[in-house]
Structures are given as C-alpha cells and as structure tokens.
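Here's a quick briefing to read with the picture beside you. Take it one topic at a time and find each residue as you go.

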Amino acid sequence: MATATRRLLPVLLKTLAPAGARGLSTEKAVGAAAVVGSHTAKWMQSPMELINEVPPIKVDGRIAVCEGAAEGVGLGHPIEYICLDLAAPNVCKYCGLRYVQVHHH
C-alpha cells in the first residue's frame, strides 16, 4: 500500500496544481507545519496546566462559592462551598480553580 501511495502521490499533485503553477515543495509544507505547530502548541497543554495558569481568586470571607462559570454564562458545575480557613489556596473539586482568603489585619 505504501509503494502504491508513493507512486500515485506525484500524479495527484500534478492534477491538483493549476497549469503553469509551481508544484508543492517540501520546504513549504514543512514551513506550514512549523507555523501550525507553534500556533497550536499552547492548546496542546493539559487542562490542569491551563487552569494552573489562572492565579488564585482572592475572597474576603471564610467561604468561597464556586459555580465553575463566568458571570452571565449558564454552563458550569454544581455549586460548591469552599472553606478558606487554611493559609494555602483551596481548590474546587469540579473545575480546579483555586481560592485564597484575604486576611485584613
């Protein structure tokens, strides 16, 4: 199958190229792949890597309420009440957002 593909590929490329146009070069194809690769690299991160880029959300009270959706957006997750008594940020078990209490002295 691979040998048949190698034989047919030049024929297919000739039929796709308009008359008088230059054929596809390996350099152009590799260059395009490099551009696409660098553009999509940030989207190839895991969801946890992306959520960790969000800084902890500061809350004045002892309890944070997480719905997992931006304001005005109907999609999210069940409401979770998160206790912020610890010094370290606490994490929402549904979406991974981190919350920390702001201590006013």
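**A residue to start with**

Asn 90 counts as buried, because its relative accessibility is 15%. Buried means under 20% relative accessible area, exposed means over 50%, and partly exposed is anything in between (1.4 Å probe, protein chains only). Keep in mind that this is a predicted model: local features need pLDDT of at least 70, side-chain atom pairs count only at pLDDT 80 or more, and totals for chains, interfaces and linings use all residues. Residues are numbered from 1 along each chain as its sequence is written, and side-chain values use heavy atoms, with hydrogens and water left out.

**The overall picture**

- Starting at the N terminus, the elements come in the order α-α-α-β-β-β-β-β.
- Of the 105 residues in the protein, 14% are buried.

- The average pLDDT for the protein is 75, and 56% of the residues score at least 70; pLDDT is the predictor's confidence in each residue, from 0 to 100.
- Which elements sit at the two ends of the confidence range? Helix α2 (residues 26–40) has the lowest mean pLDDT, at 56, while strand β3 (residues 80–83) has the highest, at 95.

**The three-stranded sheet**

- Three strands make an open sheet in the order β1-β5-β4, and the pairing is mixed.
- β1 (57–59) and β4 (90–91) are the edge strands, each pairing on one side only; two strands pair if DSSP finds at least two bridges between them.
- As background, strands of a sheet pair through backbone hydrogen bonds, either parallel or antiparallel.
- β1 and β5 run parallel and are joined by three bridges, with Val 59 standing opposite Gln 101 in β5.
- β4 and strand β5 (residues 98–101) run antiparallel, joined by two bridges, and here Val 91 has Arg 98 as its bridge partner in β5.
- The hairpin of β4 and β5 has six residues between the strands, and Gly 96 takes a positive phi near 85° there.

- The C-alpha atoms of Asn 90 and Gln 101 are 9.2 Å apart, though the two residues are 11 residues apart along the chain.
- Val 59, found in strand β1, counts as buried because its relative accessibility is 16%.
- Between the C-alpha atoms of Val 59 and His 103 there are 9.1 Å, and along the chain these two are 44 residues apart.

**The β2 and β3 pair**

- β2 and β3 pair in the antiparallel sense, over four bridges.
- In this pair, Val 65 stands opposite Tyr 81, and Ala 64 has Ile 82 as its bridge partner.
- Which residues of β2 are on its covered face, and which on the uncovered one? Ala 64 and Cys 66 are on the covered face, while Ile 63 and Val 65 are on the uncovered one.

**Out on the surface**

- Ile 63, Val 65, Ile 79 and Tyr 81 form a nonpolar patch on the surface, with about 410 Å² of accessible area together.
- Patches are made of residues with over 30% relative accessible area and no salt bridge: like charges are joined within 9 Å, nonpolar side chains (Val, Leu, Ile, Met, Phe, Trp, Tyr) within 5 Å.
- Accessible areas come from the Shrake-Rupley method with a 1.4 Å probe; for residues, only the protein chains shown count as cover.
- Val 65 belongs to strand β2 (residues 63–66) and counts as partly exposed, because its relative accessibility is 45%.

**The salt bridge**

- The count comes to one salt bridge, meaning a side-chain nitrogen of Lys or Arg within 4 Å of a carboxyl oxygen of Asp or Glu.
- Asp 85 forms a salt bridge with Arg 62, and their closest N and O atoms are 2.8 Å apart.
- Asp 85 lies in the loop between β3 and β4 and Arg 62 in the loop between β1 and β2, so the pair ties together parts that are 23 residues apart in sequence.
- With 44% relative accessibility, Asp 85 counts as partly exposed.
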